[in-house]
Amino acid sequence: YLKSRGLGDVYKRQVLHEYEYIERKPAMNSLIRLCSLLLVFSTACAQITPSPTPSSTGSWVEEDFRFNYGDATIFSIVTLPDHPGPHPAVVIIDGAADIETRSRNGVSSNYFKDLARKLAMEGIAAVRYDPPGVGSSTGSIVFDSLEYRTDEALAVLDAMRSRNDIQPDRVGFWGVSQGGWVIAMAAAERPDDVAFIISVSGSGVSVVEQQIFSIEAQSRADGLAEDDIARAVLFGRTLIDWQLSEPIYQEENMEASHALPASGPLKEFVDLVYDPGEITMSESLQQGISIMKTVMDEAWAKYLYLEELYIPQLENTPPEQLEAIRSIVGETLLNDPSGYMTRVECPVLAIFGEKDVLQPSEKSAALYEKYLAEAGNQEYKIVILPGAGHSIGLFTQGYWEALSGWLTEVVLPQ
């Protein structure tokens, strides 16, 4: 649909939204690049730096805002209502890195710009920012683990809460896709400071479950035969276990592999992961790359992104970094909202697209409700937009009505 409307770039971004392919600076070492690929910490001290010439349309006012975050200076743009404050505020949190720019969106995002201005016209301030090492922010690009991203998001929240024109007890988050995990983690970590969270296309399942779902759902939506879908899912699950110190899919993968021919690349990969024999991690890496190259052009391997993402980075990974990579990646892959969503006490709005093929909307919505109920949270609203996919924006039917109505009811009242 997006392609037919001339929005191919949006399609490409959303299809690969949870697969981070970050190689933004030549100096970034292979460990950081690969850890960023396989996914899909400091304090802040605010310094208000208004733009010398704030822009205004009569409905909103914008000004530059810089603050310190560890060794970096973060550049952001604050969009304010055109009437005197202090105002409630929203911190805008992006999803995973963009496949084209290889970085997360910042102040230049037209979507975030439009969102911030519509929020300001509703009476709510909003801030969008360049991550460290991106755009006008100083510092270095680092591995975007969910833990790091949570710390970064809270730093922006603290900076906004320090402003005289913002109500410090009424600042919350809006997060999209991967940002949904981030803002839920932030709300659980700082319940006294995060006033509310708004998740758009966020996932209620673990990172590994989300990845396997996306492989299966995209393959099925593309019209692949059931046998090919099964091959893709088996390879995807085995690929995950290959990255973990303790496999989680071994039993079902071994059972599924029994239906395969006695030999072939899929069977070879299963054997490599679960019965490797006496080989080194470096030898395992080389054998794995060889198998990926054998299957990467198969129709069923399309949504594994082996050629585009995995193989180039794996080929440039020094063997001595493999153990460190496994440790870091494993922690992120096993991230599960059940560990923190059950501690989210602030008001929550969660919006899902019925036809999302990157995360399981129906299950995610049910888990949001389950976890928030366990937290004793009675102020949440879950919305599933009929016909919508993962890419939910201001153009999506029913989205702005749901968001603005909830903000009017929950965030704006004194």
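This report covers aromatic pairs, charges over rings, helices and strand pairing in a predicted model.

Residues are numbered from 1 along each chain as its sequence is written, and side-chain values use heavy atoms, with hydrogens and water left out. Because the model is predicted, local features need pLDDT of at least 70 and side-chain atom pairs count only at pLDDT 80 or more, while totals for chains, interfaces and linings use all residues.

## Aromatic pairs

A pair of aromatic rings is described by the distance of the centres and the angle of the planes. Here, rings of Phe, Tyr and Trp (its six-membered ring) pair if their centres lie within 6.5 Å; planes under 30 degrees apart count as stacked, over 60 as edge-to-face and the rest as tilted. By this criterion, eleven aromatic pairs are found in a search of the whole structure. One of them joins Y69 and Y148, and it is tilted because the planes stand at 55°, with the ring centres 6.3 Å apart. Helices (H or I, at least four residues) and strands (E, at least two) are DSSP runs, numbered from the N terminus. Y69 belongs to strand β3 (residues 60–69) and Y148 to helix α4 (residues 146–161), so the pair ties together parts that are 79 residues apart in sequence.

In what follows, buried means under 20% relative accessible area, exposed over 50%, and partly exposed in between (1.4 Å probe, protein chains only). Y69 is buried at 3% relative accessibility, and Y148 is buried at 7%.

Another aromatic pair, W242 with F269, is edge-to-face, with 5.6 Å centre to centre and 75° between the planes. This pair links distant parts of the chain, 27 residues apart: W242 is in helix α7 (residues 226–243) and F269 in helix α9 (residues 265–274). W242 has a relative accessible area of 12% and is buried; F269 is buried at 1%. Both residues belong to one aromatic cluster formed by F235, W242, F269 and W300.

## Charges over rings

A charge sits over a ring if NZ of Lys or CZ of Arg is within 6 Å of the ring centre and within 35 degrees of the ring normal. Two such cases are listed below.

| Charged residue | Ring | Distance from ring centre |
|---|---|---|
| K118 | W400 | 4.7 Å |
| R163 | F65 | 4.7 Å |

The expected span of a helix is 1.5 Å times one less than its number of residues. For the 16 residues of α4 this should be 22 Å, which agrees with the 22 Å between its end C-alpha atoms. Of the 16 residues of α4, 13 are buried, so the helix is largely enclosed by the rest of the structure. E152 is found in α4 and is buried at 2% relative accessibility. Contact means heavy atoms within 4.5 Å. Leaving aside residues up to four places away in sequence, E152 touches Y69, R104, Y129, P131 and P132. Y69 is also the ring partner of Y148.

Helix α14 (residues 399–411) has 13 residues, and its first and last C-alpha atoms are 17 Å apart, close to the 18 Å expected. Its buried residues include W400, L403, W406 and L407. The buried residues of α14 pack against β5 (87–93), α3 (110–121), β7 (166–176), β8 (197–200), β9 (348–353) and β10 (380–385).

In the loop between β10 and α14 lies Q397, which is exposed, with a relative accessible area of 73%. The C-alpha atoms of Q397 and L385 are separated by 7.7 Å, with the two residues twelve residues apart along the chain.

## Strand β8 and its neighbours

Two strands pair if DSSP finds at least two bridges between them. β7 and β8 pair in the parallel sense over four bridges, and S199 in β8 is the bridge partner of G175.

## Residue Q210

Q210 is found in helix α6 (residues 207–221) and is buried at 1% relative accessibility. Q210 and V357 are 147 residues apart along the chain, and their C-alpha atoms are separated by 9.8 Å.
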